[in-house]
Amino acid sequence: MADNQPSPPCPTDVKILIIFLVVHLLIVLTQTWAFFDYDLMARNKLQEPRFLADEAVVQSNRAICAAHSIVILPLNLLAIVGLTSKQFYGVVSSWMMLGTAMFWPTNFVASRFTYSSAGIRHVELNGGDFSICLFVFIFACWASQRLYRSTELVGWWLSSLEMAEAKEGEKKDR
């Protein structure tokens, strides 16, 4: 595509995905904060209070918060930047991000059942928590499928390849 032609508008489903990623980023930032100050996040009802949960559960939650900070936070940022700038790396990082968005709700729900069956003190899974986990999981499945089927996003990839080939050709000409 020539530089003087405007780029086509971003598809609606990609805009919805970007909104989801921004909201998800805010959630991940609370996880990052909880790694450093767990009790503050527990007082704000974003983590299990220590007095309601076994210390092993609290430390497990902190470890998950650390993993979210190290893996999910950068992927989430790459996905947002890449999709808003219509770069194919945004699509790829979105797929990875959505994979983690399928994993963490599954892990959360499974851990609650495991804690219960083992008699470990923890905050029980409530309907609201389960609904959020179910929504995130289903949305991640839907968004992954939409990204896979989007022909416009394939165009972003081809455009990225063409630009890379043009730059490579310029280097060879020198």
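The expected span of a helix is 1.5 Å times one less than its number of residues. Keep in mind that this is a predicted model.

Q: How do you know that the span of helix 4 agrees with its 31 residues?
A: At 1.5 Å a residue, helix 4 should span 45 Å, and its end C-alpha atoms are 45 Å apart, so the two agree. Helix 4 covers residues 88-118, and Gly-119, with a positive phi near 75°, follows helix 4.

Q: Why is Arg-112 called buried?
A: Buried means under 20% relative accessible area. Arg-112 has 5%, so Arg-112 is buried. Arg-112 sits in helix 4, and beyond its neighbours within four places in sequence, Arg-112 is in contact with Glu-48, Asn-61, His-122, Val-123 and Leu-125.

Q: Which residues form the nonpolar patch on the surface?
A: Val-92, Trp-95, Met-96 and Tyr-148 form the patch, with about 400 Å² of accessible area together. Helix 4 gives the most to the patch, with three residues.

Q: Why does Lys-86 count as buried?
A: The cut-off for buried is under 20%. Lys-86 has 18% relative accessibility, so Lys-86 counts as buried. Lys-86 is located in the loop between helix 3 (55-84) and helix 4. The C-alpha atoms of Lys-86 and Asp-173 are separated by 28 Å, and these residues are 87 residues apart along the chain.

Methods. Residues are numbered from 1 along each chain as its sequence is written. This is a predicted model: local features need pLDDT of at least 70, side-chain atom pairs count only at pLDDT 80 or more; totals for chains, interfaces and linings use all residues. Side-chain values use heavy atoms; hydrogens and water are left out. Patches are made of residues with over 30% relative accessible area and no salt bridge: like charges are joined within 9 Å, nonpolar side chains (Val, Leu, Ile, Met, Phe, Trp, Tyr) within 5 Å. Accessible areas come from the Shrake-Rupley method with a 1.4 Å probe; for residues, only the protein chains shown count as cover. A salt bridge is a side-chain nitrogen of Lys or Arg within 4 Å of a carboxyl oxygen of Asp or Glu. Helices (H or I, at least four residues) and strands (E, at least two) are DSSP runs, numbered from the N terminus. Buried means under 20% relative accessible area, exposed over 50%, partly exposed in between (1.4 Å probe, protein chains only). Contact means heavy atoms within 4.5 Å.
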